[in-house]
Amino acid sequence: MSYHCIVCVKQVPDTSRITGDVMKPDGTLNRAVLPAVFNHDDLNALEAALSVRDSHGGTVTVVTMGPMGAAEVLRESLYRGVDRAVIVNDRRAAGSDTLATGYILSQAIRKIGRYDFVFCGRQAIDGDTAQVGPQLAEKLGLVQITYFEKILELSDRTVRLRRNVGNGWEVLETRLPLLLTVLDTANEPRPAAARRVMQYKRARTVGEAACEISAAMPDATEQKRDAEQAVRIEKLKMNDLLIEQWDLDDIEADLQWCGISGSPTKVHRVQSIVLTKEGYTELPPTEEGIRGLIHELIVDHTLG
Amino acid sequence: MIEQNRKGEVWVFAEQEDESLNEVSLELCGKARELADRLSVRAAAVLAGWNVRELSYRLIAHGADKVYYVHDTHLEHYRTLPYARVMCRLIAKHKPQIVLYGATPLGRDLAPRIASEMRAGLTADCTDLQIGDYTEPKTNAVHKNLMLQIRPAFGGNIIATIINYDRWPQMATVREGVMRLRDGDPKRSGEIIEEKVEFNDFDLVVRLIERHREKRKINLKAARTIVAGGAGVGNKEDFQLIHDLAGAVGGAVGASRAAVDGGFVGAEHQVGQTGTTVRPALYIACGISGAVQHRAGMEESAKIIAINWDREAPIFSVAHFGIVGDLRKVIPMMIKAIKERA
Ligand SMILES: Cc1cc2nc3c(=O)[nH]c(=O)nc-3n(C[C@H](O)[C@H](O)[C@H](O)COP(=O)(O)OP(=O)(O)OC[C@H]3O[C@@H](n4cnc5c(N)ncnc54)[C@H](O)[C@@H]3O)c2cc1C
């Protein structure tokens with residue numbers, strides 16, 4: 001029996017690279033200069049799906065929600081072997097908290113249609129909340145297994161698997177369909193396949209194609225651009241290089257559950273903390289300086 | 001979601017496994033007590049399990065006025081769906097205004113499922129919870145006495161205050177150790193209310209075949225001294241320096257998330273917003289820049305020593321002693337100095 005898998009992936013700012021120049025003078029983040037990367041745990045989710053397909057046959061579809069640039073993680077997924085890639089891109093989705101995001105993804109997955117497994121990464125590094133997976137499962141009416149590590153047995157509609165909760169593990173058995181959030185220790189994500197990179201590096205969404213054409217023909221009339229765009233999209237389609245791009249209408253999302261209005265949690269205020277530099281005793285990095293420090297700590301009973 | 005209920009109680013989901021309560025639930029009972037007093041309402045805990053009624057008394061001692069106890073064989077070991085069913089039913093019935101969960105693997109599995117079913121808000125990994133007012137900027141509508149859910153925001157030195165004024169209950173998860181564990185008062189009295197919840201076939205569709213739990217290997221919260229290493233340590237081999245210094249001072253090993261992500265040391269050593277919050281007598285930060293998410297987990301340490309070769313690193317702003325220098329040179333000197341004194 002073969003299985004249809006859907007993988008939810010996210011493009012995230014690389015939080016391990018937050019350095020001085022990433023901060024604006026007002027203490028907020030300048031996202032533009034922070035490199036955007038494939039959320040690491042999502043690569044493990046992708047790998048888990050691909051390996052189900054490797055051993056049982058079937059399909060793997062990736063879906064992401066995000067700004068146009070997030071199509072990059074879809075290309076990365078195509079390089080690794082997915083059959084189909086979809087981006088949900090809509091300004092009205094901006095400001096979505098985890099609950100609204102879960103809802104929007106659930107509508108996209110309903111539109112994709114058939115599935116036996118939905119895979120998510122354990123969490124995204126920009127928020128570490130680990131909330132979207134369980135919320136998506138609930139919206140789809142699916143069983144959720146978080147901290148998934150491996151499938152032990154899969155036959156027909158029954159799956160036996162292992163989850164690892166840090167201080168122990170469990171073996172669970174349930175029936176398909178279900179949603180899994182995948183640990184980074186679950187597997188070793190495969191690298192991009194060179195042949196597929198050659199094949200898919202020119203894959204584009206409609207939005208990306210339009211942007212590229214506008215940039216290439218700054219002085220052209222709108223009509224001319226539109227015509228050029230139609231030709232380009234036709235070509236992408238013919239070569240199987242058009243990445244599907246949906247907006248909230250395409251997935252029949254109820255707008256009251258999307259974006260800011262669909263998000264119960266609201267940001268009340270953001271404070272930057274002013275760090276005061278004074279108040280600590282500086283010691284020279286010398287044997288003497290350090291001996292003095294240790295002495296002081298022993299005398300006041302902090303040590304020993 | 002439930003309608004706003006200003007008389008609603010402040011709830012804690014009481015996490016128990018193998019008939020023992022997770023300490024974070026007791027910490028949260030203390031916080032719930034505080035919030036409930038501010039709001040002049042009652043604090044309650046929800047305890048689900050099989051033959052665990054006895055645990056109610058500890059929850060009461062730590063601040064709960066009431067314990068809703070659900071006793072059912074299906075609840076003996078945690079599974080998402082039956083536990084979510086219990087919480088959703090009880091929330092719909094009693095309409096608490098606030099529900100708090102430990103940000104443990106169990107709490108992080110359960111709370112978002114409940115939030116989705118109740119269409120309510122949920123803020124992860126709060127480092128502080130307060131009561132305060134909020135004025136909607138567009139309408140000038142004032143919402144009084146909301147739970148302010150405070151957490152470091154991604155990047156920089158930014159603290160965000162999150163609120164939820166229309167889709168109640170207001171829910172948050174909190175890591176272990178963030179709220180102080182107060183001494184329980186065994187003389188406190190409270191009510192134990194038994195509740196019954198029915199399960200359907202779907203709730204029970206996951207079967208637990210085998211289960212294994214390990215005793216916790218390290219307890220950072222209890223350590224008197226912590227030596228923590230960050231990305232600046234460089235690699236797993238050099239992280240031995242951190243272990244060596246911890247050995248010399250008789251302390252535990254901590255780490256920043258960058259060190260954990262780099263594979264230098266296991267995730268159970270992580271200090272910070274999404275790790276453990278610690279308040280040792282001495283915290284030695286080596287090669288840690290001091291991002292707000294890290295500081296949130298250690299700045300209340302009684303004494304902090306920072307070793308970093310970048311004078312501008314924000315870790316120095318919370319330090320009592322600072323050594324601007326290469327940790328590869330400084331740490332061996334420290335070990336030597338300690339050995340000389342011993
Ligand atoms: C949602 C979220 C949650 C997070 N939760 C946590 C958390 O719980 N805990 C946590 O720690 N982080 C957390 N982070 C990550 C945090 O923002 C920082 O990225 C992280 O703390 C940086 O770790 P670091 O200080 O080890 O690394 P860096 O910021 O890279 O700092 C390394 C430091 O080492 C110094 N250094 C380098 N070499 C040497 C040397 N030879 N001698 C002396 N000094 C040297 C450098 O000057 C630098 O200051 C979280 C981030 C997000 C977005």
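How many residues of domain 1 of chain B are in contact with domain 2 of chain B? The points below start there, after a word on conventions.

1. Conventions. This is a predicted model, in which local features need pLDDT of at least 70 and side-chain atom pairs count only at pLDDT 80 or more, while totals for chains, interfaces and linings use all residues. Residues are numbered from 1 along each chain as its sequence is written, chains are lettered from A and ligands numbered from 1 in the order in which they are written, and side-chain values use heavy atoms, with hydrogens and water left out.

2. Domains of chain B. An automatic or database domain assignment divides chain B into domain 1 (10-195) and domain 2 (220-341). Their C-alpha centres lie 32 Å apart. To answer the opening question, 18 residues of domain 1 of chain B are in contact with 12 residues of domain 2 of chain B, contact meaning heavy atoms within 4.5 Å.

3. Area between the domains. Domain 1 and domain 2 of chain B bury about 1,100 Å² between them, with 44% of it on carbon and sulfur atoms. Buried area here is the accessible area (1.4 Å probe) that two parts lose on being put together, summed over both.

4. Charged pairs between the domains. There are 4 salt bridges between domain 1 and domain 2 of chain B, each a side-chain nitrogen of Lys or Arg within 4 Å of a carboxyl oxygen of Asp or Glu. In the salt bridge of Lys221(B) with Glu176(B), the closest N and O atoms are 3.5 Å apart. By class, the side of domain 1 of chain B that touches domain 2 of chain B has 6 nonpolar, 5 polar and 7 charged residues; Ala, Val, Leu, Ile, Met, Phe, Trp, Tyr, Cys and Pro count as nonpolar, Asp, Glu, Lys and Arg as charged, and the others, Gly among them, as polar.

5. Contact between the chains. Here 79 residues come from chain B and 82 residues from chain A. The area buried between chain B and chain A is about 7,100 Å², and carbon and sulfur atoms give 56% of it.

6. Charges between the chains. Chain B and chain A have 7 salt bridges between them. One to look at is Arg213(B) with Glu170(A), where the closest N and O atoms are 2.7 Å apart. On the side of chain B that touches chain A, the classes come to 38 nonpolar, 16 polar and 25 charged residues.
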